[in-house]
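Here's a quick tour to go with the structure on your screen.

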Amino acid sequence: MTNDSKINRSLSRRNFLSQSAAASVASLTFAESAKAKNRANQTIVRLERSLEDSARTESVWQHIASQYDVTDQITNLENGYWGIMARPVLDEYKQQTEWVNNNNTYFARRELGNTFDAIREKVAAFLNVSVDEIELTRGATETLQALIGGYNKLNAGDTVMYADLDYSEMKNAMRWLEDRRSVNVIKINFPEPTKSEPLTEDQIVDFYERSLNANPGTKLLLLTHLNNWTGLIIPVAKISAMAKARGVDVILDAAHSVGQVDFDIKSLGCNFVGVNLHKWVGAPIGCGVIYIQKDHISDIDTYMGKSPDSKSISARIDTGTWNFAAHMTIPKALEFHNLIGTAQKEARVRYLRSLWVNEIRGKKGITILTPDDPQMVAGLTSFRIDGVTSTQANNALMRKLADEYGVLTTRRTGPHAGDCIRVTPSFYNTPKDMRKLVAALNSILADI
Ligand SMILES: Cc1ncc(COP(=O)(O)O)c(C=O)c1O
């Protein structure tokens, strides 16, 4: 029996995926018709109870992991920087690079527009938004900076608000508005979970409500859906509804949530969103998306190099000559991503996260910085050794984990309460990898 048919049989025995879904996840041949793939993915997403089972089905995930070529020099639990491309996506990227290079301007001058319109259509369908509400970009940083810098509804004396858990470059961009638009910039600091009190969604909504009430002149709010420091997922729809009721516009940083968390952008009710496709969707580095609700496009100035009269979202960002091959690989990345499905990816990385967090939470000397509520966390989670808040000490800890225990993590400097260590499993990681981290942490804790 082939490996694939073994996997198919084990899937059907467990009866948690339909036969067609099982076949698509297990074989990853990309040969199915678009319709069959759609059906398969819908089946995967719908069977919520089964997601937990499928997240634990190592035979399937071994097969998925075999699609990724990863160094064996270290156990990589730092997959938050960007997402490794699966082999079929990498192959496509190589081919596209060669093709663009060979065909050069013969392609670019005659076909680029149509090629990119087709890619945009696919991305819009993936995000379930209208194609005239998005444009492709090179990543979340340039996207969110174009949104923050271009937002043109601010008057001198207005207030803009961001939080300690937002991404550094966006925090700086919000501060930049103080000089450029003469506005008041308010930074708010998230409450952190403690050993005895995990954070709840209600506490986060209350935190934003109190912050907005205390600053009635607020016109613009930056939110980060799944932040890169601790991995906390915030209840964006509730916060943005509250903001809307107060006349506050919301810019959402969804760099880490798209592809890692199963959600619908429109349902979050944010006017402006920055997306990365090179993190959890697994597209080549240099793939992002700007989203602006149709009736808010004119709230963002045309970018400095674009025609000032344009009504199109495409004029809200300007990337010059970009890496065509990277963007031309997006359809293959989406195809591969959809064979697994966002819901499956989310369930898997949350399961891998639970394997280390369940063992470590509650131990003396360490605090886990995200709650276990599945609405509030996916794969990315940070910890702090109690009292160890400096960058230097966390750098030393990160190095110790890598050099002495062979586990790669990363130090994060952002939360107001101090630095921490982030652990981010990916789709190729295994329970064994998570046990390796647990053993390392237990050994470190025993020495404290
Ligand atoms: C929350 C968040 N926003 C934005 C970004 C920026 O993404 P990029 O560097 O791909 O532009 C990152 C990158 O890690 C991130 O974690």
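**Around the ligand**

The shell around the ligand is made up of G139, A140, T141, Y167, T224, N227, N228, D253, A255, H256 and N276. Keep in mind that this is a predicted model. Sorted by class, that shell holds three nonpolar, seven polar and one charged residues.

**The seven-stranded sheet**

- Seven strands make an open sheet, and reading across it the order is β2-β8-β7-β6-β5-β3-β4, with mixed pairing.
- At the edges you'll find β2 (134–137) and β4 (184–188), each of which pairs on one side only.
- Going from one strand to the next, the twist averages 15°.
- For a look at one pair inside the sheet, take β7 (residues 272–276) and β8 (residues 288–292), which run antiparallel and share five bridges.
- Within that pair, V275 sits opposite V289 in β8.
- The ligand shell also picks up N276, and β7 covers residues 272–276.

**Helices lying across that sheet**

- Helix α7 (residues 140–150) lies across β2, β6 (249–253), β7 and β8, and its direction makes an angle of about 170° with β7.
- Helix α8 (residues 168–181) lies across β3 (159–163), β4, β5 (218–224) and β6, at about 160° to β3.

**How α7 and α8 meet**

- The α7 and α8 axes come within 10 Å and cross at roughly 20°.
- Because of that angle, α7 and α8 count as roughly parallel to each other.
- The crossing of α7 and α8 is right-handed.
- On the α7 side the contact uses T141, L144, Q145, I148 and G149, while α8 brings E169, M170, A173, M174 and L177.
- Class by class, the α7 and α8 contact has six nonpolar, three polar and one charged residues.

**How α9 and α10 meet**

- Helix α9 (residues 201–214) and helix α10 (residues 236–245) have axes that come within 10 Å and cross at roughly 20°.
- α9 and α10 are therefore roughly parallel to each other.
- Where α9 passes α10, the crossing is right-handed.
- V205, Y208, E209 and L212 of α9 make the contact with K238, I239, M242 and A243 of α10.
- In the contact of α9 with α10 there are six nonpolar, no polar and two charged residues.

**How α6 and α12 meet**

- Helix α6 (residues 87–127) packs on helix α12 (residues 330–340) at an angle of about 55°, and their axes are 7 Å apart.
- That angle makes α6 oblique to α12.
- From α6, the contact draws on P88, V89, E92, I119, K122, V123 and F126; from α12, on I330, P331, K332, A333, L334 and F336.
- The contact of α6 with α12 splits into ten nonpolar, no polar and three charged residues.

**The four-stranded sheet**

- There is also an open sheet of four strands, ordered β9-β10-β13-β12, with antiparallel pairing.
- β9 (366–368) and β12 (410–412) are at the edges with a single partner strand each, so one side of each has no neighbour in the sheet.
- On average, and ignoring direction, neighbouring strands of this sheet are turned by 35° against each other.
- Inside it, β10 (residues 381–385) pairs with β13 (residues 420–423) in the antiparallel sense over three bridges.
- The bridge partner of T381 in β13 is V423.

Conventions
Residues are numbered from 1 along each chain as its sequence is written. This is a predicted model: local features need pLDDT of at least 70, side-chain atom pairs count only at pLDDT 80 or more; totals for chains, interfaces and linings use all residues. Two strands pair if DSSP finds at least two bridges between them. Helices (H or I, at least four residues) and strands (E, at least two) are DSSP runs, numbered from the N terminus. Axes are lines fitted to C-alpha atoms, for helices over the stretch in contact, and angles run from 0 to 180 degrees between N-to-C directions. Two residues are in contact if their C-beta atoms, placed from the backbone, lie within 7 Å. A residue is near a molecule or strand if its C-beta atom, placed from the backbone, lies within 6 Å of it. Ala, Val, Leu, Ile, Met, Phe, Trp, Tyr, Cys and Pro count as nonpolar, Asp, Glu, Lys and Arg as charged, and the others, Gly among them, as polar. Angles under 35 degrees count as roughly parallel, over 145 as roughly antiparallel, 65 to 115 as roughly perpendicular and the rest as oblique. A crossing is left-handed if the near helix is turned anticlockwise from the far one by less than a right angle, and right-handed if clockwise.
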